Amino acid sequence: MSETPLVDELEKGPWPSFVKEIKKTAENMEKLASQGKDVKLPKTARGLLKQLEISYKDKKTHWKHGGIVSVVGYGGGVIGRYSDLGDKVPEVEHFHTMRVNMPAGWFYSTKALRGLCDVWEKWGSGITNMHGSTGDVIFLGTRSEYLQPCFEDLSKLEIPFDLGGSGSALRTPSACMGPALCEFACYDTLDLCYDLTITYQNELHRPMWPYKFKIKCSGCPNDCVASKARADFAIIGTWKDEIQIDNEAVKEYAKWMDIENEVVKLCPTKAISWNGKEFKIDAKNCVRCMHCINKMPKALKPGKERGATILVGA
């Protein structure tokens, strides 16, 4: 009989299951340990499921506030978490989260990802979250005594990684893929995100403010990193001149798309007109919502005079 019948229910149904993924991690960690690999916490993922089962029975969480834990020289990058069931489920007595600073635009090589996974399998539970809402790689579940050696091993990788921000600090800046993969990018989000990260290392690693502060870089008004919703300082690409229009390409869209109903009538400021031959946009009333460009990307492009709008405040 299963030790976690309530938790097992979450494996049923058509949707992806976090329980199934945790079980896969638990099996992998136990297998590595049985093979003699140097893994410090082979039973932590399994212990997490045990505590979750107890929480479902008791109808309350069994995590308690972890206080402040970090690595030498830093005040952030780690979220402390302890269980109040340390006697019953010692595998998760400590279950700290480490936030690892991701590359701008979330570009990884397989070599970089393997390095991250190798370090975390050695020093942690093996459970990861790619990525947290701030953008960091999230390492879920390790003990206090393993934080420093894990951090040191991350920095010694051939493709090294640093910790990200947490607490009342500058959180790890994040950016969309920008000009690397998107023709709509109005500025180099990757370069700016990297520059901000390097420039404000002290503010990122050492909490010194009354509250957290987030910076996000979006290359165009599509705002793929949700900077308007999630950042205190949003840098969103835009343009000053008119949207570039290729009317011949618009006519090609007209062969299979109802431009009047799908584009013209959905313009929020009614700035578009289409007579079957010519597609026009009243630039003075255009609010750069990107709807028409998204619907007809081969016919419409952002203007040539590109830059960014900065929004400050929650």
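Met29 is in contact (heavy atoms within 4.5 Å) with Val39, Leu41, Pro42, Glu121, Gly124, Ser125 and Gly126, leaving aside neighbours within four places in sequence. This is a predicted model, where local features need pLDDT of at least 70, side-chain atom pairs count only at pLDDT 80 or more, and totals for chains, interfaces and linings use all residues. Residues are numbered from 1 along each chain as its sequence is written, and side-chain values use heavy atoms, with hydrogens and water left out.

**Met29**
- You'll find Met29 in helix H2, residues 18–34 (helices are DSSP runs of H or I, at least four residues, and strands are E runs of at least two, numbered from the N terminus).
- Met29 is buried, at 1% relative accessible area (buried is under 20%, exposed over 50%, partly exposed in between, with a 1.4 Å probe and protein chains only).

**The sheet**
- Four strands make an open antiparallel sheet, ordered S2-S4-S6-S5 (two strands pair if DSSP finds at least two bridges between them).
- Its edges are S2 (78–79) and S5 (127–130), each pairing on one side only.
- S2 and S4 (residues 97–100) are joined by two bridges in the antiparallel sense.

**Thr97**
- Thr97 belongs to strand S4 and stands opposite Ile79.
- Thr97 is buried too, with a relative accessible area of 3%.
- Its side chain makes a polar contact with the side chain of Arg81 at 3.1 Å (a pair of N or O atoms within 3.5 Å; within protein, one must be able to donate a hydrogen and the other to accept it, and residues adjacent in sequence count only if both atoms are side-chain atoms).
- Beyond its neighbours within four places in sequence, Thr97 has contacts including Gly77, Val78, Ile138, Phe139 and Leu140.
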